[in-house]
Amino acid sequence: MDFIYDFIRLPLMEMGKAGVLPEFFQYAFVINALLCALVAGPLLGGIGTMVVSKRLAFFSQAVGQAALTGVALGVLLGEPVTAPYVSLFGFCILFALTMNYTRNRMRMKQDIVIGVFLSVSLAVGACVLLYVTAKVNMHVLDNILFGSVLTVNNTDMNVLIVIAGLCVAVGIPTYNKMLLASFNPSLAQVRGINAKLYDYVFVLMITVITVACLKIVGAVLVEALLIIPAAAARNVSRSVRGFFFYSVAFATVSCMLGIIIPMQFEIPVPSGGAIILVASIVFMMTAGVRMVSGSFKEAAV
């Protein structure tokens with residue numbers, strides 16, 4: 001897909017050099033970052049509505065933190081430290097499905113099961129990291145924890161686009177069924193919807209999306225981008241459709257502005273943090289609108 005990226009990048013870089021677009025457009029890594037933002041923003045915003053509805057914020061955080069262990073295992077097994085995707089996806093998918101299976105079988109409270117699995121994952125990661133510190137620069141792991149959208153390469157974009165395509169192909173036809181299964185599992189069963197199956201499908205989608213977006217906003221912040229735009233959308237939505245599209249719009253705008261504003265005004269902040277700060281400002285604005293306007297106070301989305 002390199003020729004497609006070049007087809008998009010080269011004209012924009014020429015316009016940046018000619019002064020038609022802001023100067024930072026002349027750099028390929030900026031175009032890469034904006035392309036990733038255009039894919040990751042709608043993806044995280046859309047799936048975030050389900051995360052908020054199912055109250056799985058803590059779950060996505062646990063998956064993000066488990067990625068650190070996946071990276072450590074990947075380095076230990078000889079994968080490249082900048083792209084240990086096999087270990088990342090393998091460990092995180094196994095972690096998420098096992099955690100969901102345990103939650104369903106033991107009927108324990110969700111936060112307890114997630115807390116136990118998160119603690120075990122971090123403990124394993126800390127132990128494995130001791131063995132890999134001699135092989136890698138530990139600062140590389142900062143990109144996993146806090147993201148670095150300005151360092152994404154064609155491989156990272158390929159992974160993100162493939163995951164986005166798979167999730168859209170699965171998520172759009174099944175969105176209403178997953179939403180009904182999350183709001184009311186009993187009613188979903190009565191209507192012939194296998195709530196547990198869709199629960200596993202949704203868990204799998206959260207996991208692969210979280211891993212694919214690690215390079216952009218990082219393990220620590222990816223759950224924030226799943227939750228904050230959806231929470232902001234909920235403040236100003238009167239319908240499920242509005243809830244979904246507002247969340248997609250807020251997440252996309254946050255990603256784009258979080259990349260552009262620091263470069264345009266030369267603000268020395270990391271892109272991942274800037275994206276979350278923009279999303280937080282959007283949330284505060286919508287919260288203000290909800291408190292001031294009586295029309296949104298009774299919204300039940």
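Hi everyone, and thanks for coming. What you see on the screen is a predicted model, so please keep that in mind as we go.

Let's start with that record. The unreviewed UniProt entry carries the annotation "transmembrane region" for residues 24-44, 56-77, 83-101, 113-134, 157-176, 197-222, 242-261 and 273-292. How do such spans look in the model? Take two of them. Residues 157-176 are 100% helix and 0% strand, and their end C-alpha atoms lie 29 Å apart. Residues 24-44 are 81% helix, again with 0% strand, and there the end C-alpha atoms are 26 Å apart.

Now to helix 2, which runs over residues 28-53. Along the way, helix 2 bends by about 25° at Ile-47. Is helix 2 mostly enclosed or open to the outside? Of its 26 residues, 21 are buried, so helix 2 is largely enclosed by the rest of the structure. Just after helix 2 comes Arg-55, with a positive phi of about 55°.

Among the buried residues of helix 5 are Val-113, Ile-114, Phe-117, Leu-118, Ser-121 and Gly-125.

On to charges. Side chains of opposite charge can pair when their charged atoms come close. How many salt bridges are there in this model? The count comes to 2.

One of them joins Arg-9 and Asp-6, with the closest N and O atoms 2.8 Å apart. Both residues sit in helix 1, 3 residues apart, so about one helical turn separates them. Their surroundings can be compared with the cut-off for buried, which is under 20% relative accessible area. Arg-9, at 8%, is buried, while Asp-6, at 32%, counts as partly exposed.

The salt bridge between Arg-103 and Asp-199 has its closest N and O atoms 3.3 Å apart. Arg-103 belongs to helix 4 (residues 85-106) and Asp-199 to helix 9 (residues 195-212), so this pair ties together parts that are 96 residues apart in sequence. Arg-103 is buried, with a relative accessible area of 15%, and Asp-199 is buried too, at 11%.

Back to helix 1 for the surface. Which residues form the nonpolar patch there? They are Met-1, Phe-3, Ile-4, Phe-7, Ile-8 and Ile-161, and together they have about 600 Å² of accessible area. Helix 1, residues 2-18, gives the most to this patch, with 4 residues. Ile-4 is found in helix 1, and with a relative accessible area of 36% it is partly exposed.

Last stop, the loop between helix 1 and helix 2, where Val-20 has its place. Val-20 has 58% relative accessibility, so it counts as exposed. If you'd like a distance to check on your own screen, Val-20 and Arg-241 are 221 residues apart in sequence and 37 Å apart in space, C-alpha to C-alpha.

Terms used:
Residues numbered from 1 in each chain as written. Predicted model: local features only at pLDDT ≥ 70, side-chain atom pairs only at ≥ 80, totals over all residues. Heavy atoms only, no water. Patch = residues over 30% accessible without salt bridge, like charges linked within 9 Å, V, L, I, M, F, W, Y side chains within 5 Å. Areas by Shrake-Rupley, 256 points an atom, 1.4 Å probe, with all protein chains shown as cover. Salt bridge = Lys/Arg side-chain N within 4 Å of Asp/Glu carboxyl O. Helix = DSSP H or I, 4+ residues; strand = E, 2+ residues; numbered from the N terminus. Buried < 20%, exposed > 50% of the residue type's maximum accessible area, 1.4 Å probe, protein only. UniProt positions renumbered as here; feature names shortened; annotations may be inferred. Expected span 1.5 Å × (residues − 1). Bend = angle between axes of the 7 residues up to and from the residue.
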